[in-house]
Amino acid sequence: MNRLAQLDHRYVWHPFTQMRDWLKAEPIVITEGHGAMLKDAKGRNYLDANSSIWTNLHGHNHPQLNHAITRQLKKIAHSSALGLANEPASLLAERLIKAANRAVSPAADRKTSTPSLGKAFFSDDGSTAMEVALKLAFEVGRRGGNPHPKFLSLDRAYHGDTVGAVSLGRIDLFHKAYSQLLFRTDKTPAPYCYRCPYNRAKPERADARSYRKCNEECLDQLERTFARHAKKNRKPYGAFVFEPLIQGAAGMIAQPDGWLRKATDIARSFGTPLIADEVMTGFGRTGTGEIQKAGGASRGIGQSLFACDKESVRPDYVALAKGMTGGYLPLAATLTT
Ligand SMILES: *Cc1c(COP(=O)(O)O)cnc(C)c1O
């Protein structure tokens, strides 16, 4: 076995991996990447078909990204945001905020009375970007007179692996072992049309979408969940938390057109802030089409970078990470009003 592979077996603990199985085979040791290709220590080439877990949007070893990083390194690698400002943070924050606000018209703003996204809080990974959103929303709820705001998230949600993010998550394989460590959150069904739980056809057929008329039962259930909570607590949820348009770690489960808009309208009608987890979907991963106005007419206001834009949903908090640096650096941001 290659020396690097031996060192891996001896010292490296891999995430989401049954290590007993991992140790049975010689691992592939990646040493280089160019464009969409990876190269291993034995000189073999591989297509990086999952873009290094959804992070690498522009290819490995991209000359422009390499140049930007080395140019910055010649100036300074890191300086604290605590008590000091810095050049790239100022420039990037402006670009993120402008990109995030492009999609929603002033009229839509008046209707939802959501102020524009106005600030970027930088951190280092998607889980942390979600923790930041949670903490901000918790504090807003608390100052609004709710001593312990509760959060509502979707069935099969994945928001990262820190304690707050796992508390919002709904994937037993990843999360069950930690139930005693977590805080309680409520859940609501995500639309999973392929295996819709409201499909009562017997015998069950392969794909409910092809023959079953949808009555949007999952949205009714969402509305009932909000109503029950409002009646019991007299205060809204701290936030409604969702992966917009597609649930990634759940198995790439796409939401039907219009679902996000309707679900977030329901949340808004109960005065609940929105946390959009665009860690996977951000930066054009659900398409970069022309931004559409709510009515459907194109206004030609530029390319959309975010999944929420597709349904003119303006969240109060947006978590960004993975694609933000094209997978080159550990960097994340939480945008908020
Ligand atoms: C990957 C992912 C996260 C967590 O991001 P990390 O950078 O791995 O902490 C959170 N939410 C979604 C939707 C993700 O896909």
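Visitor: Is E216 buried, partly exposed or exposed?

Guide: Burial is read from relative accessible area: buried means under 20%, exposed over 50%, and partly exposed in between (1.4 Å probe, protein chains only). E216 counts as partly exposed because its relative accessibility is 31%. Please note that this is a predicted model, in which local features need pLDDT of at least 70 and side-chain atom pairs count only at pLDDT 80 or more, while totals for chains, interfaces and linings use all residues. Residues are numbered from 1 along each chain as its sequence is written, and side-chain values use heavy atoms, with hydrogens and water left out.

Visitor: With which residue does E216 form a salt bridge?

Guide: Side chains of opposite charge can pair when their charged atoms come close. The criterion is a side-chain nitrogen of Lys or Arg within 4 Å of a carboxyl oxygen of Asp or Glu. The partner of E216 is K262, and the closest N and O atoms are 2.5 Å apart. This pair links distant parts of the chain, 46 residues apart: K262 belongs to helix α11 (residues 259–269), whereas E216 lies in the loop between β6 (186–188) and α10 (217–233). Helices (H or I, at least four residues) and strands (E, at least two) are DSSP runs, numbered from the N terminus. K262 is partly exposed, as its relative accessible area is 36%.

Visitor: How many salt bridges does this rule give?

Guide: The count is 13. One of them joins the side chains of D21 and K24, at 3.3 Å from N to O. D21 is partly exposed at 42%, whereas K24 is exposed at 64%. Another pairs R156 with D155, whose closest N and O atoms are 3.9 Å apart; R156 is partly exposed at 31%, and D155 is partly exposed at 22%.

Visitor: Which residues of α1 are buried, and why do they line one face of the helix?

Guide: An α-helix has 3.6 residues a turn, so residues three or four places apart point the same way. In α1, the buried residues are A5, D8 and H9. Seen down the helix axis, the buried residues of α1 fall within an arc of 95°, so they line one face; the arc is that of the directions from the axis to the C-beta atoms. The face turned away from this buried side carries the exposed residues R3, R10 and Y11. The cover over the buried residues of α1 includes α2, where contact means heavy atoms within 4.5 Å.

Visitor: What does a side-chain oxygen of N2 reach at the start of α1?

Guide: The oxygen comes within 2.6 Å of the backbone nitrogen of L4.

Visitor: Which residues make the nonpolar surface patch?

Guide: Patches are made of residues with over 30% relative accessible area and no salt bridge; like charges are joined within 9 Å, and nonpolar side chains (Val, Leu, Ile, Met, Phe, Trp, Tyr) within 5 Å. Here L4, L7, Y11 and V12 form a patch of about 370 Å², with areas from the Shrake-Rupley method using a 1.4 Å probe and, for residues, only the protein chains shown as cover. V12 is in the loop between α1 (3–11) and α2 (19–22), and V12 is partly exposed at 39%.

Technical notes:
Polar contact = N/O pair within 3.5 Å; in protein donor to acceptor, adjacent residues only side chain to side chain.
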